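Colleague: Hi! Could you walk me through this model? I'll just ask things as they come up.
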Number of protein chains: 2
Amino acid sequence: MFKYEVVAECKVTGARAGVFTTPHGVINTPVFMPVGTQASVKGLTPEQVKDCGSQIMLSNAYHLAMRPGENIVKAAGGLHKFMNWDKPILTDSGGFQVYSLSKIRKVTDEGVKFQSHIDGSAHFFTPESDMRLQEDLGADIIMAFDECTSAGIEYKKARAAVIRTSEWLKRCKAAHTDNSTQMLFPIIQGNVYPDLRKLSAELTVPHAECGIAVGGLSVGESAEEMYGMLDVLQPILPKNMPHYLMGVGSADYIIEAISRGIDMFDCVLPTRIARNGSAMTMNGDIIVRDAPYKEDYTPIEAGCDCYACKGYTKAYIRHLLKAGEVMGGSLISIHNIRFLHRLTEKIRAAIIEGTFPELLEKFRKTASFL
Amino acid sequence: MFKYEVVAECKVTGARAGVFTTPHGVINTPVFMPVGTQASVKGLTPEQVKDCGSQIMLSNAYHLAMRPGENIVKAAGGLHKFMNWDKPILTDSGGFQVYSLSKIRKVTDEGVKFQSHIDGSAHFFTPESDMRLQEDLGADIIMAFDECTSAGIEYKKARAAVIRTSEWLKRCKAAHTDNSTQMLFPIIQGNVYPDLRKLSAELTVPHAECGIAVGGLSVGESAEEMYGMLDVLQPILPKNMPHYLMGVGSADYIIEAISRGIDMFDCVLPTRIARNGSAMTMNGDIIVRDAPYKEDYTPIEAGCDCYACKGYTKAYIRHLLKAGEVMGGSLISIHNIRFLHRLTEKIRAAIIEGTFPELLEKFRKTASFL
């Protein structure tokens, strides 16, 4: 039920345009995946998310395990039915959340003991329990349970996490034996150490069937460090499957990563900055909340085909933001998600037409896609 | 451009089914009007409000004058364009908000001096300035600038407010000379004193062209006191125009008021209680946030045709509420608004079919519309 085909590849950069088939639908790559951490893209109905052109949504196994509990989701008929979303879903394993949200945690070879960030209750996640958890949730794509490390951690610790992630991957594979309805994506770690990224890739690639992820980036390191790691990985990543860079959702990171062979992205950025009043445009972010837009009776971005730009002005959206009306954040969220889809659609078209190097160069020179 | 026709009248109670024509569309009465105080029904797009079956939306001149300022709305092309709502709009004059929101205010015969509840800035509203304000906003129906009094205020003060409201009404009429595109609804005051309600009605009716409102109720008095005032007014209210009871939005008040000749209602209740997790049903309110619904995989209300009930379970909505996702409140808001429309549609059908007395009696006996 899973299949990935390269439609076009940029001869200069190796950027790819592909088609990724999953049980709940076909995804044109490169693709940005909006995030519904708690089984809801904040402030939007599933129909509104679809209207943005979203092809797949991400949710989070850690959060759903903490609340409402995977038993509730399973009894509802799985995550698709629970949240009323009939397109593909990817669940993150929670490896990153255990590392980023739990103040008290203890990592051993067996697994991770931690306290819930909600009520402090004690939990123990292992590769085996995490596979059961994600099987209960029922997403199309599930992620390996990995050990994510902070930016700037020392080499020895980063290496240990690579080895542990690799050992846990074997246990994930042993626990999740059927990739026909749920595809397990292994995750490459290695922090910002080129040889560890290489090592992790070599340990991970043999276990990847139709999808592989790069984790532990966009966690505080510099853009150059991140691009450097992607440069190391590009020749190693198998060509016959999608490459997913976890936690990236800004226009510059996206085009740079695509130029290094990445196909899939997710991030809370477009919806989070929207709630604070920031909108993404082909010419950079604008802060709609700011005074200059008080009497601006034009849409967020000229020419944008999103619901917000078709019906509302910056003056109105700014009013909603200032007045504390959630619809202000929802309208910008719609725009920002649509923007990232327009961006990847534009990049995909350029790859297919063979003009991607020019698009990339222009962006590098002007920081604009106009 | 304004016209009101009685389609059917209950011979026993005097309850009316009507058709009210306005510049932006025809309204079947009795009607509930959802409230977008700050030019947004909290958490819903205009399309979502329309999908609930809403025929007219209410907004508030006081709030819009304070933020973003009527000049912004006027420059945007008026409230319909500003908020992207092409059906009828009614704006409240702000008389009630000046009384309920401003801690510091001074009422004289000339008008009301008060401080903004947002930034403490000084303002002075007069009947003349309020008409200009509402003309700038551009709603189909505008409300007279009145003096609202608290529940339980002494007779003498209540009488003075009736007289002042009447004097102000004459000034509103002199300032707003053209009812052809914006219909001015005068407001009857009189607190809970039957003879003052009668006096106010007599002073008000001559100035009503196609719509009259009852204000100063549902502000803390008992249900019996409110019904008593409506009983006093019913024989006095002119039959050839809609009767609007301000600030009422609960099922019991609505059916009781309709049985006393009321045609129009507005209230923030359905959306406010929704955000706290309460849903209205034909059999009374249920608190979806409560534990019993944790594993309830059925819609809020069986048989309801709203978007929330067609796609989501109580277990999912409860999860959203517990997780702090605004979509939980939005889904219940959709249901509650649709519920009030289903209720008035059911009552309207009963009036037309001649079965309203039975519906009313059953509700009085069982507190249920099932």
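Colleague: How do E5(B) and strand E6 of chain B pair, parallel or antiparallel?
Modeller: E5(B) and strand E6 (residues 89–92) of chain B run parallel, and four bridges link them. One of the pairs is B:Leu58 with its bridge partner B:Leu90 in E6(B). Keep in mind that this is a predicted model.

Colleague: What about the five-strand sheet in chain B, what is the strand order?
Modeller: The order is E4-E15-E14-E13-E12, in an open sheet with parallel pairing. Strand E4 (31–33) and E12 of chain B sit at the edges with a single partner strand each, so each has one side without a neighbour in the sheet.

Colleague: Which strand does E12(B) pair with, then?
Modeller: E12(B) pairs with strand E13 (residues 212–214) of chain B, in the parallel sense and over two bridges. There, B:Ile188 has B:Val214 of E13(B) as its bridge partner.

Colleague: Is B:Pro186 buried or exposed?
Modeller: Buried, because B:Pro186 has 27 C-beta neighbours inside 10 Å, and the cut-off for buried is 20 or more. Its contacts beyond four places in sequence include B:Ala144, B:Leu169, B:His207 and B:Ile212. Take B:Ile212: it is 26 residues from B:Pro186 in sequence, yet their C-alpha atoms are 5.3 Å apart.

Colleague: Switching to the core. Which residues touch the most other members of the largest nonpolar core?
Modeller: A:Phe185 and B:Phe185 do, in a core of 230 residues.

Colleague: What does A:Phe185 touch?
Modeller: Leaving aside residues up to four places away in sequence, A:Phe185 touches A:Ile141, A:Met143, A:Ala144, A:Gly211, A:Ile212, A:Ala213 and A:Tyr244.

Colleague: Over to chain A. What joins E2(A) to E3(A)?
Modeller: A hairpin does, through two residues. Strand E2 (residues 16–22) and strand E3 (residues 25–29) of chain A run antiparallel and are joined by five bridges. A:Thr22 has A:Gly25 as its bridge partner in E3(A).

Colleague: How is chain A divided into domains?
Modeller: Domain 1 of chain A covers 31–267 and domain 2 covers 269–370. Taken over C-alpha atoms, the centres of the two are separated by 27 Å. In contact are 21 residues of domain 1 of chain A and 20 residues of domain 2 of chain A. On the side of domain 1 of chain A that touches domain 2 of chain A, H10(A) gives the largest share, with four residues. By class, that side has twelve nonpolar, seven polar and two charged residues.

Colleague: Last topic, the two chains. How many residues are in contact between chain A and chain B?
Modeller: 28 residues of chain A are in contact with 29 residues of chain B. On the side of chain A that touches chain B, the elements giving two or more residues are helix H3 (70–75), helix H4 (79–83), helix H13 (314–322) and helix H14 (326–353) of chain A. H13(A) supplies the largest share, five residues. That side of chain A has 15 nonpolar, eight polar and five charged residues.

Note on methods
Residues numbered from 1 in each chain as written. Chains lettered and ligands numbered in written order. Predicted model: local features only at pLDDT ≥ 70, side-chain atom pairs only at ≥ 80, totals over all residues. Core = buried A, V, L, I, M, F, W, Y, C linked by C-beta atoms within 7 Å. Buried ≥ 20, exposed ≤ 12 C-beta atoms within 10 Å, placed from the backbone. Contact = placed C-beta atoms within 7 Å. Domains from an automatic or database assignment. Nonpolar A, V, L, I, M, F, W, Y, C, P; charged D, E, K, R; others polar. Pairing = 2+ DSSP bridges.
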